[in-house]
Amino acid sequence: MDYVLAILVGCFVALGVYLLLSRSVIRMLIGMTILGNGVNLLIFTAGRLTREIAPIVPAGLDQPDGPIANPLPQALILTAIVIGFAMFSFLLVLAFRAYQSLDADNTDTMRVAEPVNEPNPPLSY
Amino acid sequence: MVEVPQAMIETATAAADWVVVLPLVLCLMGAAAALMLRKSGGLTFIFAVLIVCAVIACEVTLLLRVFDSGPLSMTMGKWLPPFGISFAADIFGAGFALTAAVVTLAVLVYAQGERGAEDGRDGFHSMVLLLLAGVTGSFLTGDLFNLYVWFEVMLIASFGLIVLGGRPAQLDGAVKYGFLNFLATTFFLLALGLLYGLLGTLNMADILRVAPSANPAAIAGVAALLLLAFGMKAAAFPVNAWLPAAYHTPPAVVSALFAGLLTKVGIYAMLRSLVVLLPASRDLLEPVLVAIALATLLIAPLGAIAETNLRRAIGFLVIGGVGSVLVGIAVPSLAGVSGAGLYIFHAILTMTALYLVAGLIESRTGQTDSRQMGGLYAASAPLSVLFFVLVLATAGVPPFLGFWPKLLLLQAGLGEGSWVGGLVAAALVVNAVLTLIAGSRLWAHIFWRAAPAGALMPPAPPRHTIWLRYGATGALAAVVVAAGLWPNGLFEALRVGAPDLLDPSRYVAAIGLAGGAP
């Protein structure tokens, strides 16, 4: 199972990087999300996969009764998903606003902050 | 059976130990309260200043305690350290957190002068406090995943600040800033996932304990990913393009805050993770680190010379400063890490002050491009002195603060006794010269030469707003000058604090893992 998930993580990251190399902002955004999900899956796999039961300590005991799934990666991923979602929402709105006011959804034509063909700096001093 | 005292903390945290997390609690609660107060007119400004003053008071207490009794830690949620999330302060972390809060105070005061009658309705003060929370958390945390969370807190607050106002250039800059920084934190998360898979822990002190016995090749891969992620956050050479594309777009106060805090957190995280946590992998990566340091040191000031937009040029100087800290990471002798730490301290203060001066220049001339500026010396001599002093400090000219870290780094390079050490030392000197050329060229263009024909200056702004802005900028510049003239306290702090980076046993003991319990 680990191998299947490892290959899947590889596919996610490759797809994410491919989309990030695109010039269209929306494609980059989708690439970010896929990359982020690949990373979440990686944390999940890195926490060791088991076919065991949920990490619940039975009533009256101080420690679980027998092997359990590792709960920590799930906590890490949950945090990462929430953060990733917040960033995605912000960047989506930002891309939309940028499209509205810059009339560009392409990073090549988005050059307000760094204008092309600026005159050379003065040679004095 | 698990013995409960081995897994849980059964006594309440001593009241004095709360000082480790109190700055964060204050910032986060303050940010939330400032959001609620936003319709109360000018109150949010006073409120935010009070919060930051309280944070400064906490951090001074923290720093004094760390000075007296070594690193200090606090673990949350009753679980003992490898399980509970720890916060730990050593001299470096506490000192940088204090510097960041001081800089934030100056920026808040300056912003009040610039924003004038505008009240806090746009959430500016909340976001500044949230940014400070992210920065302070990154400096004080003792857990790598927690560091990731503080990075994201810092990132989302900076997203808000960079687009505040919504001019087209800001949106453009924010797209580049946002995507590349989000990508950097995703790489950081990727490295964390792999590290967790390899070591089974993300607590910094615990990593120190178990990393030496893990597969060195796999750990080196993780270290390379961390180098890339923190390199992007810090704008080190091959991945620095987002900084000059974004830092000049928001209002000058926001640029000042970013320049002082964000890249420094990135480079500090690199120092901590490579030099302290994974020193064996750092040794493997040393050729890469040296190459990055050299390239960053040499290319950044050349960018500053070629640039005419004032704040973009200063952005390149910020990148050059990152190169100097990289030298300390590439040559981590005692002098090297001391120099890197002192440089971060210097850069937080000087870069913020430099951007604030740039804001004053821009509002005085009504221009952002140095091609259209000129003759400002006649209009405002104090401004020219401020700018020149800060340029000298950035380049590392003796009487000012920038000189001391560069001296330490040069010592580290030459003390290495190898050609690599000599190379980085030479690069540091060339960097200083190029920075001086770039800065004095800007000074000559803006202040010294005659104003270009047809240039008209906007009318001088009202008195009270001037005082707030000059006061904040002047106070920061005064700190830079004073710390350069009387550096004894700083060297004393380094003497106590720097050995902890190279031999973290005191740090591990403070977190409570010395016995190697589980």
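Predicted model: local features only at pLDDT ≥ 70, side-chain atom pairs only at ≥ 80, totals over all residues.
The secondary structure of chain B comes to 21 helices and 2 strands, and its C-alpha atoms fill a box of roughly 85 × 60 × 40 Å along the principal axes. For 518 residues, a compact globule would have a radius of gyration near 24 Å, and because chain B has 22 Å, the two agree. If we take the contacts in chain B with a separation of 6 or more, 80% of them are between residues 24 or more positions apart.

Let me now look at one pair of helices in chain B. Helix 16, residues 381-395, packs against helix 19, residues 463-485, at an angle of about 40°, with the axes 11 Å apart, which makes helix 16 of chain B oblique to helix 19 of chain B. The crossing is left-handed. On the helix 16 side the contact is made by L386(B), V389(B), L390(B) and A393(B), while helix 19 brings in residues including T473(B), G474(B) and A477(B); by class, the residues of this contact divide into 7 nonpolar, 3 polar and no charged.

Finally, the contact between the chains takes 34 residues from chain A and 36 residues from chain B. On the chain A side, the elements giving two or more residues are helix 2 (25-46) and helix 3 (71-102), and helix 3 of chain A gives the most, with 14 residues. That side of chain A has 25 nonpolar, 6 polar and 3 charged residues.

Definitions and conventions
Residues numbered from 1 in each chain as written. Chains lettered and ligands numbered in written order. Contact = placed C-beta atoms within 7 Å. Helix = DSSP H or I, 4+ residues; strand = E, 2+ residues; numbered from the N terminus. Nonpolar A, V, L, I, M, F, W, Y, C, P; charged D, E, K, R; others polar. Axes fitted to C-alpha atoms, helices over the stretch in contact; angles between N-to-C directions. Parallel < 35°, antiparallel > 145°, perpendicular 65-115°, else oblique. Left-handed = near helix turned anticlockwise from the far one by under 90°. Rg over C-alpha atoms; globule rule 2.2 N^0.38 Å.
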